[in-house]
Amino acid sequence: MNERADEAVLTADTEASPPVEEAKNPLLVALGDRVRNLRARRGLTRKAVAQAANVSERHLANLEYGIGNASILVLQQVSGALHCSLAELVGDVTTSSPEWLLIRELLEHRNEADLRRARIALGELLGTAAGDPARRRRVALVGLRGAGKSTLGQMLADDLDVPFIELSREIEKFAGCSVREIHDLYGTNAYRRYERRALEETIQIYSEVVIATPGGIVSDPATFNELLAHCTTVWLQAAPEEHMGRVAAQGDTRPMAASKEAMDDLRRILAGRAAFYSKADLTVDTSGHGLAESFQLLRSAVRETMPHEG
């Protein structure tokens with residue numbers, strides 16, 4: 001940014017008086033600050049940004065003062081004029097400091113294999129998985145509801161002669177009510193806090209254990225990172241139709257109501273979570289297999305990671 005540009009920015013900004021002060025939305029104020037700072041960093045006048053973004057200068061001024069509730073399309077135009085991503089404009093955490101930006105630049109456009117290696121290396125650098133010698137003896141099963149985590153988990157725990165923990169039951173113990181009541185009374189954020197607490201305590205108490213996790217545990221990156229760092233994770237994979245059929249076989253007919261819509265929702269959930277489930281150490285596909293055969297597949301996969309067990 002050169003001196004002439006600096007001067008132009010300062011002159012242009014002092015020419016337009018701010019509107020009368022009134023109660024402002026903190027989110028809009030923060031957005032306005034980012035727009036103003038990005039514009040200053042690039043040495044652009046408000047007029048220049050407004051012209052490049054194809055919006056009025058007054059509209060841009062209102063945005064900067066925190067009183068302009070711009071549409072997502074307008075924000076996209078403004079981000080283009082400021083030569084930044086929309087994520088940076090709205091406050092993505094990876095834009096909050098120079099170090100974040102440099103790390104993001106290093107990782108951008110890398111393939112999944114490279115990103116996985118980077119994540120594991122970072123975890124080792126920060127003393128997560130590398131510092132937990134019990135990781136190989138804790139087995140955590142992940143996957144959608146109906147994958148067989150509870151049934152197969154109990155069978156695996158019996159075979160390994162270790163405790164079996166169903167994390168949903170531990171969550172209910174902490175909350176003093178059912179999972180459904182936690183969501184209804186306190187909301188999803190509270191549920192995620194109980195889930196994290198239940199996992200941390202289970203890891204602290206048990207050095208040998210089989211854990212059946214809730215299907216949505218991958219929805220919270222911090223909790224899922226904790227799981228990956230301290231447990232050997234196994235994705236119990238199955239076709240959507242098998243997930244639905246198994247849930248119905250357990251006596252829960254709710255997912256079968258309006259079955260086409262339910263199946264569409266299930267497929268979307270699986271598609272959205274599959275990328276996270278695939279980060280598990282092992283994948284066992286139980287599609288087309290009965291209980292006994294599925295257990296043998298799971299048992300063989302897990303015991304291969306425990307060569308001393310024979």
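Predicted model: local features only at pLDDT ≥ 70, side-chain atom pairs only at ≥ 80, totals over all residues.
Biologist: Let's zoom out. How many helices and strands are in the protein chain?

Modeller: The protein chain has 16 helices and 5 strands. Of its 310 residues, 39% are buried. Looking at contacts (heavy atoms within 4.5 Å), residues 24 or more positions apart account for 71% of those with a separation of 6 or more.

Biologist: How many salt bridges does a search of the whole structure find?

Modeller: The search finds 15. A salt bridge here is a side-chain nitrogen of Lys or Arg within 4 Å of a carboxyl oxygen of Asp or Glu.

Biologist: Which residue does Glu64 pair with?

Modeller: Glu64 pairs with Arg46, and their closest N and O atoms are 3.0 Å apart. Glu64 sits in helix α4 (residues 57–64) and Arg46 in helix α3 (residues 46–53), so the pair ties together parts that are 18 residues apart in sequence.

Biologist: Are those two buried or exposed?

Modeller: Glu64 is buried, and Arg46 is buried as well.

Biologist: How do α3 and α4 pack?

Modeller: Their axes are 9 Å apart and the packing angle is about 110°, which means α3 is roughly perpendicular to α4. Axes are lines fitted to C-alpha atoms, for helices over the stretch in contact, and angles run from 0 to 180 degrees between N-to-C directions. Under 35 degrees counts as roughly parallel, over 145 as roughly antiparallel, 65 to 115 as roughly perpendicular and the rest as oblique.

Biologist: Which residues of α3 and α4 meet there?

Modeller: From α3 there are Arg46, Lys47, Val49 and Ala50, and they meet Glu57, Leu60, Ala61 and Glu64 in α4. The residues of this contact divide into 4 nonpolar, no polar and 4 charged. Nonpolar covers Ala, Val, Leu, Ile, Met, Phe, Trp, Tyr, Cys and Pro, charged covers Asp, Glu, Lys and Arg, and the others, Gly among them, are polar.

Biologist: Now over to α12. Which residue forms a salt bridge with Glu195?

Modeller: The partner of Glu195 is Arg192, at 3.0 Å from N to O. Both lie in helix α12 (residues 188–205), and because they are 3 residues apart, about one helical turn separates them. Glu195 and Arg192 are each buried. As for networks, salt bridges with shared partners join Arg39, Arg46 and Glu64 into one.

Biologist: At what angle do α10 and α12 pack?

Modeller: Helix α10 (residues 167–175) packs with α12 at about 110°, with the axes 9 Å apart, and that makes α10 roughly perpendicular to α12. Among the residues in this contact are Phe174 in α10 and Tyr191 in α12. By class, the contact residues are 8 nonpolar, 1 polar and 4 charged.

Biologist: New topic: where is Glu166?

Modeller: Glu166 is in strand β2 (residues 164–166), and Glu166 is partly exposed at a relative accessible area of 25%. The Glu166 side chain meets Arg169 in a salt bridge of 3.9 Å, N to O. Arg169 is partly exposed too, at 38%.

Biologist: What does Glu166 touch, leaving aside neighbours within four places in sequence?

Modeller: Glu166 is then in contact with Ser150 and Ala212.

Biologist: Last one: is Thr286 buried or exposed?

Modeller: Thr286 counts as buried because its relative accessibility is 1%. Thr286 lies in the loop between β5 (282–285) and α16 (291–303). Beyond neighbours within four places in sequence, its contacts include Ala147, Gln237 and Arg246.

Conventions. Residues numbered from 1 in each chain as written. Heavy atoms only, no water. Helix = DSSP H or I, 4+ residues; strand = E, 2+ residues; numbered from the N terminus. Buried < 20%, exposed > 50% of the residue type's maximum accessible area, 1.4 Å probe, protein only.
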